[in-house]
Amino acid sequence: MAKQIATNVTWQDGEVSREDRYQILRQKGATVWFTGLSGSGKSTVAVALEKALFRMGKLSYRLDGDNVRLGINKNLGFSEGDRKENIRRIGEIAKLFGDAGTISLSSFISPYKADRDEVRALHDAAGLQFVEVYVDCTLAVAEERDPKGLYKKARAGEIRNFTGIDDPYEAPGNPEIHLRTDEMTVEEEVAIIIDYLAKNGVIQTELFTRADDQIDGSVAAL
């Protein structure tokens, strides 16, 4: 856990509670944390889940690995220390989204178990749900997909500290959800996550009656 360095600071409570915000949104804030190798399908399922939740009238927001490195984490590289700080910052941001009542969809390789456990502990301490989703496929399949051409560059020595090649990936031992993207469809993956969120009280799966609010075929089976 990061050490508190700033002194003479005190948490300032407001007059609108977390429960008040949840009541307005008719959902609870939570973090769905997608972890897995590059090319495993993290962003693909997160994008599809965000769309499905939107069509159900649920508020979510994607925190994507590349996106945050173009903004708040643009000063971080890919050393072990920088990876750790990258995940720490995103964990704090996800916690704030959860407190606001939003379901954050955090899509990061996050290769080190200790870093993911730290984010989980941060959420536990705040009374927020943390749903670890292991987006799993074999390294061979991930390399075959290689949507950004990164494995090819890593194999050629053009990229260093690349997870799965010259940096380790520590797979979750007991994730809330385990997706095998080399064996499942995106629609099946999204349905599994929505079912988990519904069963654990984050959302309700009632469908709106207006045509433009109807959930699409990707989760119609629900």
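Predicted model: local features only at pLDDT ≥ 70, side-chain atom pairs only at ≥ 80, totals over all residues.
**Strand S1**

I looked up burial along the strand. Six of the six residues of S1 are buried, so the strand is largely enclosed by the rest of the structure. Next I checked the two faces. On one side I found Ala30, Val32 and Phe34, and on the other Thr31, Trp33 and Thr35. Both faces are covered.

Which strands pair with S1? I found S3, parallel to S1 over five bridges. I also found S4, parallel to S1 over six bridges. Ala30 shows both pairings. Ala30 stands opposite Ile103 in S3, and Ala30 also stands opposite Gln129 in S4.

**The whole chain**

I stepped back to count elements. The protein has eight helices and five strands. Read from the N terminus, the order is α-β-α-β-α-α-β-α-β-α-α-β-α.

Then I looked at burial overall. The protein has 222 residues, and 41% of them are buried. The exposed surface comes to about 12,100 Å². Carbon and sulfur atoms supply 52% of that surface.

I also looked at contacts across the sequence. I took contacts between residues at least 6 apart in sequence. Of these, 76% join residues at least 24 apart.

**The nonpolar cores**

How many residues does the largest nonpolar core have? I noted 22. The residues with the most contacts inside this core are Val32, Phe34, Leu49, Val133, Ile193, Ile194 and Ile203.

H2 gives the largest share, five residues.

A second core is separate and has 10 residues. Trp33, Val68, Ile87 and Ala94 are among them.

**Aromatic rings**

I searched the whole structure for aromatic pairs and got five. The cut-off for stacked is under 30 degrees. Tyr134 sits in strand S4 (residues 129-136). Tyr169 sits in the loop between helix H7 (150-155) and strand S5 (177-180). The two are 35 residues apart, and the pair links distant parts of the chain.

Are these two tyrosines buried or exposed? Tyr134 has 11% relative accessibility and counts as buried. Tyr169 has a relative accessible area of 18% and is also buried. The cut-off for buried is under 20%.

I turned to another pair, Tyr151 and Phe162. Their ring centres are 4.9 Å apart and their planes are at 85 degrees, so this pair is edge-to-face. Tyr151 is in helix H7, and Phe162 is in the loop between H7 and S5. They are 11 residues apart. Tyr151 and Phe162 are both buried.

Trp33 came up again here. Trp33, Phe108 and Phe130 form one aromatic cluster.

I also noted a charge over a ring. Arg69 lies over the face of Phe78, at 4.0 Å from the ring centre.

**Backbone angles**

Most residues other than glycine have a negative phi. Arg26 has one, with phi near 60 degrees. Arg26 lies in the loop between helix H1 (18-25) and S1. Asn161 has a positive phi too, of about 60 degrees, and is not a glycine. Asn161 lies in the loop between H7 and S5. With a relative accessible area of 34%, Asn161 is partly exposed.

**Ala121**

My last entry is on Ala121. I found Ala121 in helix H5 (residues 113-126). Its relative accessible area is 33%, so Ala121 is partly exposed. How far is its C-alpha atom from that of Gly91? The separation is 9.9 Å, for residues 30 apart along the chain.

Notes: Residues numbered from 1 in each chain as written. Heavy atoms only, no water. Phe/Tyr/Trp six-rings, centres within 6.5 Å; stacked < 30°, edge-to-face > 60°. Helix = DSSP H or I, 4+ residues; strand = E, 2+ residues; numbered from the N terminus. Buried < 20%, exposed > 50% of the residue type's maximum accessible area, 1.4 Å probe, protein only. Lys NZ or Arg CZ within 6 Å of the ring centre and 35° of its normal. Contact = heavy atoms within 4.5 Å. Areas by Shrake-Rupley, 256 points an atom, 1.4 Å probe, with all protein chains shown as cover. Core = buried A, V, L, I, M, F, W, Y, C linked by side-chain atoms within 4.5 Å. Pairing = 2+ DSSP bridges.
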